[in-house]
Amino acid sequence: DYAATDKIPVFWLSGRSGEGKSVLLLQLVADFLRAKADLPVLQLSSGDDLVRLLETTPERRDLSDPVHSRLFAVIDDAYSIRDRDDWDENVRRACSLRTPAAALITCGPTEQREVFASRLSDQFDVTSFELPHLNLEECKAFIAWYESRTGKKRDLSMLTKDNPLLVQFMFELAQGTRLSAFAKRFKQRLVNDSVFEEARAI
């Protein structure tokens with residue numbers, strides 16, 4: 001509820017790395033724009049850009065319209081910051097005299113969201129959605145989708161179906177085998193080409 005907070009609202013897609021958060025973020029923003037095409041939405045490349053945005057965005061004036069009176073910033077992995085202490089302090093400074101008329105839509109690992117919400121609780125009001133893990137029915141649905149798109153048959157017993165990451169399962173769909181089996185074959189190719197030790201050193 002944007003109207004109920006005097007902080008910067010944040011909607012955070014969280015979950016494990018490789019779970020598809022970034023893809024879902026883009027789909028979410030696309031649906032958001034289709035539903036509310038007149039809203040100002042700005043895609044930022046990093047959390048550093050967010051600090052600059054907060055420094056230059058004025059305070060919200062029209063309190064009767066909590067949605068249209070905000071600039072929506074979209075960032076993939078907003079809290080993937082090298083120096084969090086310095087970044088946090090810059091955010092606090094930007095918000096010290098007024099609450100910028102902004103809202104943030106982002107994604108990132110669950111542990112990042114927890115640290116972000118804890119360290120910047122005075123500046124941001126975080127609402128999160130945790131991406132569920134792939135279940136067996138979803139794995140079967142992905143196989144049916146893949147087979148219809150490519151014409152290639154896939155055997156579920158040859159793929160990881162016990163709590164796989166989305167990126168892992170999609171890789172295994174393309175390869176037709178488990179990631180561990182692919183890794184063993186790939187290692188053997190490197191050994192046969194006498195480059196395995198060099199590859200390990202990279």
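Which residues does L54 touch, not counting residues up to four places away in sequence? Select L54 to begin: the residues touched are I8, V91, A94, C95, R98, P100, A102 and F124, where contact means heavy atoms within 4.5 Å.

The model is a predicted one, in which local features need pLDDT of at least 70 and side-chain atom pairs count only at pLDDT 80 or more, while totals for chains, interfaces and linings use all residues. Residues are numbered from 1 along each chain as its sequence is written, and side-chain values use heavy atoms, with hydrogens and water left out.

**First stop: helix α2**

Select α2 (47-56); helices are DSSP runs of H or I with at least four residues, strands are runs of E with at least two, and both are numbered from the N terminus. Within α2, the residues G47, D49, L50, V51, L53 and L54 are buried. Buried means under 20% relative accessible area, exposed over 50%, and partly exposed in between, with a 1.4 Å probe and protein chains only.

**Second stop: the nonpolar cores**

The largest nonpolar core has 22 residues, of which L50, L54, W87, V91, F116 and F124 touch the most other members. Two or more residues each are given to this core by β1 (8-15), α2 (47-56), β3 (71-76), α3 (84-94) and β4 (102-109). The largest share, four residues, comes from α2. Such a core is a set of buried Ala, Val, Leu, Ile, Met, Phe, Trp, Tyr and Cys residues joined through side-chain atoms within 4.5 Å. Next, select F32, L39, A103 and L131, which are among the eleven residues of a second, separate core.

Axes are lines fitted to C-alpha atoms, for helices over the stretch in contact, and angles run from 0 to 180 degrees between N-to-C directions. Angles under 35 degrees count as roughly parallel, over 145 as roughly antiparallel, 65 to 115 as roughly perpendicular and the rest as oblique. The crossing of α2 and α3 is left-handed; this term applies if the near helix is turned anticlockwise from the far one by less than a right angle, and right-handed applies if clockwise.

In the contact, G47, D48, L50, V51, L54 and E55 of α2 meet W87, N90, V91 and A94 of α3. These residues comprise six nonpolar, two polar and two charged. Ala, Val, Leu, Ile, Met, Phe, Trp, Tyr, Cys and Pro count as nonpolar, Asp, Glu, Lys and Arg as charged, and the others, Gly among them, as polar.

A102 lies in strand β4 and is buried at 2% relative accessibility. Beyond its neighbours within four places in sequence, A102 contacts I8, P9, L54, R70 and L71.

Q123 lies in the loop between α4 (110-119) and β5 (124-130), and is buried with a relative accessible area of 13%. With neighbours within four places in sequence left aside, Q123 is in contact with K7, I8, V91, R92 and C95.

**Last stop: α5 against α6**

Select residues 136-150 (α5) and 166-175 (α6), whose axes come within 11 Å and cross at roughly 40°. That makes α5 oblique to α6, and the crossing is right-handed. Here C139, F142, I143, W145 and Y146 of α5 contact L166, F169, M170, L173 and A174 of α6. By class, this contact has ten nonpolar, no polar and no charged residues.
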